[in-house]
Amino acid sequence: MQKTGIIAALAASTAAAAAVIFVVSGSAWGAGAAPPDLSGTFWATTYSPKIQVLGGGDPPLNPAGREAYQMNQQGLRSGTLADPARKVCLPDGVPRVLETPYPFEVFQLPPGQVTFVHELNHQVRAIPLDVPLPPLDQANLFAAYGGHSSGHYEGDTLVIQSNGFNDQTFLDSSGLPHSDQLVTTERVRKIGGGQLEDIVTIHDPAYYTKDWQARFVYARRDDVRLMDYACGDKHRDLSSVKGVAEVRAARAAGRFP
């Protein structure tokens, strides 16, 4: 084949490959349409160390889950069980990272990825888009604090599924447990006033009688820049976040959490 023929063939092949990539990456929200703009800096307006179940009530723990929860709470109260996320700044898992009273920033880049950068513990969640999530048994072989994640767009919503969480994390700051069967599904979207909503579904049949959800809403804060964070150091003023003062007063009085 002559040189010009080779170049033409390569160009055609490249164009075909680009077309396939466009179809795959654009299929989740429709060919030719841009994904929703979820970027920006966000900050929770309320905080609770105990996760609030969407619809009210308590998390639907089964007997094994209740036993694990009681052991966690007793250990945290007595000091015989460490909370490494707060003691030595290890990363939180999901959904605990979603309840933080510190701000975070969302970047819809690099291409094919959504990146969450949290001020608390300098946690980074890099969510690849439109890639298969590893099967749970494989993911658990390489368990991580933030698990393994994959995301895709459904209309105006970013859907993130995660599995493969290690055993060093709690679901919230009260010690709510999870097993190695945990799978989380988040639905992230913009709502009124530029706020960001994240509704997370918890699937963990080893500790819970059924799937359940929690809802987190964050205010858009273009006036805020992420700050340095280190365990044991004094950090930014959190008095604007409803619930923080009440939690601090309870802990000062010896009430847990």
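Two strands are treated as paired if DSSP finds at least two bridges between them, and helices (H or I, at least four residues) and strands (E, at least two) are DSSP runs, numbered from the N terminus. The structure on screen is a predicted model, in which local features need pLDDT of at least 70 and side-chain atom pairs count only at pLDDT 80 or more, while totals for chains, interfaces and linings use all residues. Residues are numbered from 1 along each chain as its sequence is written, and side-chain values use heavy atoms, with hydrogens and water left out.

**Whole chain.** Of the 257 residues in the chain, 42% are buried, where buried means under 20% relative accessible area, exposed over 50% and partly exposed in between (1.4 Å probe, protein chains only). If contact is taken as heavy atoms within 4.5 Å, residues 24 or more positions apart account for 62% of the contacts in the chain with a separation of 6 or more.

**Strand S1.** Next select strand S1 (40–44), where five of its five residues are buried. Gly40, Phe42 and Ala44 point one way from S1, whereas Thr41 and Trp43 point the other way.

**Nonpolar cores.** A nonpolar core is a set of buried Ala, Val, Leu, Ile, Met, Phe, Trp, Tyr and Cys residues joined through side-chain atoms within 4.5 Å. Select Phe116, Leu158, Leu176, Leu196, Trp212 and Tyr218, which touch the most other members among the 32 residues of the largest core. The elements that give two or more residues to this core include S1, S2, strand S3 (113–118) and strand S6 (157–163), and S9 gives the largest share, four residues. Centre the view on phenylalanine 116, whose contacts, leaving aside its neighbours within four places in sequence, include Phe104, Val106, Ile127, Leu158 and Ile160. A second, separate core of eleven residues includes Trp43, Tyr102, Val224 and Val244.

**Helix H5.** Move on to helix H5 (244–252), where Val244, Val247 and Ala250 are buried. These residues lie on the same side of H5, because they cover an arc of only 130° around the axis, the arc being that of the directions from the helix axis to the C-beta atoms. On the face turned away from the buried side of H5, look for the exposed residues Ala245, Glu246 and Ala252. Just after H5, glycine 254 takes a positive phi of about 85°.

**The disulfide.** Finish by showing the side chains of cysteine 89 and cysteine 231, which form a disulfide with their sulfur atoms 1.9 Å apart; the criterion is a pair of cysteine sulfur atoms within 2.5 Å, and by this rule the count comes to one disulfide. Cysteine 89 is in the loop between helix H3 (84–87) and strand S2 (104–107), and cysteine 231 is in the loop between strand S9 (212–220) and helix H5, so the pair ties together parts that are 142 residues apart in sequence. The torsion about the S-S bond is about 130°, so this disulfide is right-handed. Cysteine 231 counts as partly exposed because its relative accessibility is 27%.
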